[in-house]
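Trainee: I would like to go through this model by question and answer. Please keep it brisk.

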Amino acid sequence: MYRLAALEKWDDLIFTHISARVPGPEHHFLVNPYGLRFAEITASSLVKIDVAGNLVGESSYGVNYAGFVIHSAIHMAREDAQFIIHFHTDDGVAVSGQREGLLPINQRALEVLPILAYHDYEGIAENLSERDRLVADLAGKKAMILRNHGTLALGATPGEAWLNIYNLERACTAQIRTLTAGRDGVLCLSSALQAEVAAQTLQQDGKRSYADQETTELAWASQLRRVAADGYDM
């Protein structure tokens, strides 16, 4: 996921994070070391920490505290949050600063909206008390726009987390481009169509959809091939 994010140019110097829950009752998780770009990160450079932010094992690197606050909150609260991705992309940040948030103006947005939550900006996330409010706002959703800040997605598998952030980021990019026509020139899809697409996305009647596990794993496998083709050693 780090390599894919770098390929998409979705990294932000050293300031955003991808984390993975470590199996076991301790709620330990792996996160990127503070100081490395996404393209530089290897499995051996990942840092293991506990939910109090303490280093587990040895590492020559530290951890971004704001990243710890955000990721630890969700890992503690959601068993399905095995992987969490948080970005500060240009288009994600732009949409996060728009009052209406993500608009229902294309099919990708309609696929994301049923799983999308919002969390209001409280400053740089360095206050542990924000964790409770972040989790409450996320509720049972799997993607979030952190208002005036950026984007976030989670998943029980790397493929699910990646597909959720991928669709959210692409929907944000499409919105920013669409709004070049001005808000009055934008066609929003009806609430009836939104509900219909949401039902189609979640259906499990033998038809493949964006959300089903098999499609998610097929998409993830395609991304692993992309990383390998770019010359990274898998």
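Predicted model: local features only at pLDDT ≥ 70, side-chain atom pairs only at ≥ 80, totals over all residues.

Mentor: Residues are numbered from 1 along each chain as its sequence is written, and side-chain values use heavy atoms, with hydrogens and water left out.

Trainee: How many salt bridges does the count come to?

Mentor: The rule asks for a side-chain nitrogen of Lys or Arg within 4 Å of a carboxyl oxygen of Asp or Glu. By this rule the count is nine.

Trainee: How many residues apart are R170 and E8?

Mentor: Their side chains form a salt bridge, 2.9 Å from N to O. The pair links distant parts of the chain, with R170 in helix α6 and E8 in the loop between α1 and β1. Helices (H or I, at least four residues) and strands (E, at least two) are DSSP runs, numbered from the N terminus.

Trainee: Is E8 buried or exposed?

Mentor: Buried means under 20% relative accessible area, exposed over 50%, and partly exposed in between (1.4 Å probe, protein chains only). R170 has 27%, so R170 is partly exposed. E8 has 14% relative accessibility, so E8 counts as buried.

Trainee: Which residues are linked with E8 in a network of salt bridges?

Mentor: E8 belongs to a network of salt bridges. The residues linked with E8 there are R170 and R226.

Trainee: How many residues apart are D120 and R147?

Mentor: The side chains of D120 and R147 meet in a salt bridge of 3.5 Å, N to O. D120 is in the loop between β5 (116–119) and α5 (130–138), and R147 is in the loop between β6 and β7. They are 27 residues apart.

Trainee: How are α6 and α8 oriented to each other?

Mentor: Axes are lines fitted to C-alpha atoms, for helices over the stretch in contact, and angles run from 0 to 180 degrees between N-to-C directions. Helix α6 (residues 158–178) and helix α8 (residues 213–229) pack at about 85°, with axes 8 Å apart. Angles of 65 to 115 degrees count as roughly perpendicular, under 35 as roughly parallel, over 145 as roughly antiparallel, and the rest as oblique. Therefore α6 and α8 are roughly perpendicular.

Trainee: Which residues in α8 meet α6?

Mentor: Contact means heavy atoms within 4.5 Å. On the α6 side are P158, G159, E160, W162 and L163. The α8 residues are T216, A219, W220 and Q223.

Trainee: What accessible area do L13, F15 and Y34 have together?

Mentor: Patches take residues with over 30% relative accessible area and no salt bridge, joining like charges within 9 Å and nonpolar side chains (Val, Leu, Ile, Met, Phe, Trp, Tyr) within 5 Å. F15 is partly exposed at 33%, and L13 is exposed at 59%. Areas come from the Shrake-Rupley method with a 1.4 Å probe; for residues, only the protein chains shown count as cover. The nonpolar patch of L13, F15 and Y34 has about 290 Å².

Trainee: What is phi of L13?

Mentor: Most residues other than glycine have a negative phi. L13 sits in the loop between α1 and β1, and its phi is positive. The value is near 50°.

Trainee: Which residues does Y2 contact, beyond four places in sequence?

Mentor: Y2 is found in helix α1. At 11% relative accessibility, Y2 counts as buried. Its contacts are I18, V31, N32, F38, I41 and L46.

Trainee: How far apart are the C-alpha atoms of Q194 and N106?

Mentor: Q194 is in helix α7 (residues 191–202) and is partly exposed at 26%. Beyond four places in sequence, Q194 contacts P104, L110, L113 and L189. Q194 and N106 are 88 residues apart along the chain, and their C-alpha atoms are separated by 9.9 Å.
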